[in-house]
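Open the model in your viewer and keep the sequence panel beside it. This tour moves from one selection to the next.

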Amino acid sequence: MGKKNIYTILLILDGLGKGEKNLSNPFRLVKENIFEELKKEYPFCYLNASGMSVGLPANEPGNCEQGHLALGTGVIHYTPKLRIDLALEKGELINNKTIKKIVDYYYEKNSRIHMLFSLNKTPTEADINHIIEILKILKKYQIEDIYFHLFLDSTYSPPRSGYQLLENFSNLLKENDLPGKIGTICGRFYALDTTKNYALKTQRSFLLLTKGIGKKIDDVFEFLKEKIKDQNFKEDLLEPIVVNEEGIIKDNDIVLFLNFEPQNIKQLAEAFLDPNFKEFERPSKENLLVITLNRYFETLPNPTIFEEEKIKINFSRIFSDLGFRQFKITDETRKKHITFYFNGLIDEEHINETIKILPAIENEESAFKITEEIFNFLKLIIKDKSFHLIVANLSILDFFGHLGEFKKAIQAIEFLSSKLKELINLVLDNDWFLIITSDHGNIEKLIDLSKGTRDTFHNFSPVPFYLIHKKFKKEQNLFSEDIKGDLIDVLPTILDLYGVYDNYKNYLQGKSLLRLI
């Protein structure tokens with residue numbers, strides 16, 4: 001099944017978006033710009049790559065992770081935060097089965113509820129709005145025995161902002177007449193360690209929560225008010241603090257992990273959830289009901305308030321099942337993007353798949369060197385035709401976009417243009433299809449004209465889509481400066497090239513752009 005005589009390269013030029021015709025755009029000063037030449041020769045359009053089109057909030061620029069997820073799966077997979085936001089907006093929490101389980105357990109076991117979450121200025125790991133909405137529902141069930149265990153930081157919040165954030169949270173509770181007391185606080189250095197330092201870091205936060213081992217204070221606001229007088233104080237390093245000794249986790253209690261971002265809180269959650277945990281000795285607690293806001297671990301089947309919908313298919317699995325040989329290549333900084341994210345948030349190996357990971361781009365010299373190496377690999381495979389599909393991610397444009405230096409960005413674009421010109425000639429001579437696109441915008445906007453400052457961030461730009469093959473040359477039906485689709489349309493288009501789109505279209509949200517030609 002599928003056309004085995006078709007050969008395709010999906011070239012993802014990380015950080016390439018549609019630039020404006022103004023001084024912020026380095027492409028306007030490029031001498032050799034193959035991107036403009038290709039627009040006149042082959043099917044071309046722009047694709048949405050930010051906000052809701054890739055599963056991000058409407059006001060959020062695109063990123064590598066969601067971009068590759070959309071490219072590799074053909075579906076919009078909402079980030080955990082956005083998925084929870086939408087569920088709360090629809091009022092789904094009132095009928096949530098896990099909330100009902102919490103309520104039943106609370107009354108049956110005479111429990112107390114412990115809410116564990118990061119207190120950040122921006123909703124990067126936890127969202128105060130999520131906590132407030134859950135508290136509102138619990139209040140309707142007349143639940144009052146609630147304790148908060150807060151993890152302070154100066155990574156996603158300004159240094160010495162912990163006092164203000166805590167005061168804001170306290171005011172929200174008062175304004176909404178919601179129950180709850182602060183049980184403990186500590187810095188992310190202990191509670192949110194990701195370095196596998198279980199004994200010295202995770203254990204200290206665990207013992208704070210379960211045995212009340214930590215510095216005991218009477219007034220958390222006065223305590224933090226004194227702390228922030230020290231210009232060198234960082235909330236990250238705040239030692240474990242017991243605010244209310246009654247708020248320590250006891251037998252028959254309910255423990256709610258309310259960070260929507262699981263990566264940083266996984267070690268602490270593992271200590272509560274894994275029956276085979278061996279990193280340190282845990283004090284015995286009977287009949288704890290431990291619940292996470294969303295799924296943290298695939299292998300630990302704990303209750304979650306918001307279960308994630310599984311992605312059913314992905315590019316690599318489809319073509320592996322069809323017996324096509326695939327080659328993936330990028331540098332170390334993008335390894336997860338062409339594997340885990342491209343595969344639909346799954347770490348899996350595929351039959352007939354070869355993955356080549358080059359060293360990470362760390363400086364300007366290595367950016368050019370590694371890009372050159374990737375093109376050399378592509379040339380060899382094109383001539384050999386030992387693979388049916390190639391997925392290549394080149395991060396040189398994103399690297400120089402983040403660097404934000406106009407002259408160097410122009411050099412990178414011209415270098416890439418020359419390499420692409422060589423590649424395209426080889427593609428045409430050897431009867432390959434070449435699809436060029438991106439995951440998000442960056443390098444095309446290097447100046448914030450409203451401020452007159454460098455702009456080194458990802459943005460809301462749509463990204464280009466080129467379909468290059470001699471059969472499509474001068475095909476004008478899809479020659480457009482308009483946005484004709486989304487990143488989720490790329491996989492359906494490739495499936496259509498191989499004649500298998502109709503077999504998978506029920507699993508896809510995207511459409512084949514070939515149908516527009």
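Start by selecting Leu345. Leu345 sits in the loop between α12 (335-341) and β12 (353-358). Helices here are DSSP runs of H or I with at least four residues, strands are runs of E with at least two, and both are numbered from the N terminus.

A word on the model before you go on. It is predicted, so local features need pLDDT of at least 70 and side-chain atom pairs count only at pLDDT 80 or more, while totals for chains, interfaces and linings use all residues. Residues are numbered from 1 along each chain as its sequence is written, and side-chain values use heavy atoms, with hydrogens and water left out.

Stay on Leu345 and check its backbone. Its phi is near 65°, a positive value in a residue other than glycine. Most residues other than glycine have a negative phi. Buried means under 20% relative accessible area, exposed means over 50%, and partly exposed is in between (1.4 Å probe, protein chains only).

Next, select Asn252. Look for it in the loop between β7 (241-242) and β8 (254-257). Phi of Asn252 is near 70°, again positive in a residue other than glycine. Asn252 is partly exposed, at a relative accessible area of 23%.

Now select residues 80-89. This is helix α3, and it is mostly covered: seven of its ten residues are buried. Color Lys81, Leu82, Arg83, Ile84, Leu86, Ala87 and Leu88, the buried residues of α3. What do they pack against? Show α5 (128-140), β9 (289-294) and β10 (304-306). Contact here means heavy atoms within 4.5 Å. Then step to Gly91, which follows α3 and has a positive phi, near 75°.

Finally, zoom out to the whole chain. How many helices and strands does the chain have? There are 17 helices and 18 strands. The radius of gyration is 26 Å, close to the 24 Å that the globule rule gives for 517 residues, so the chain is as compact as a globular protein of that length. That radius is taken over C-alpha atoms, and the rule is 2.2 Å times the number of residues to the power 0.38. Along the principal axes, the C-alpha atoms fill a box of roughly 75 × 50 × 40 Å. Of the 517 residues, 58% count as buried. Residues 24 or more positions apart account for 80% of the contacts with a separation of 6 or more.
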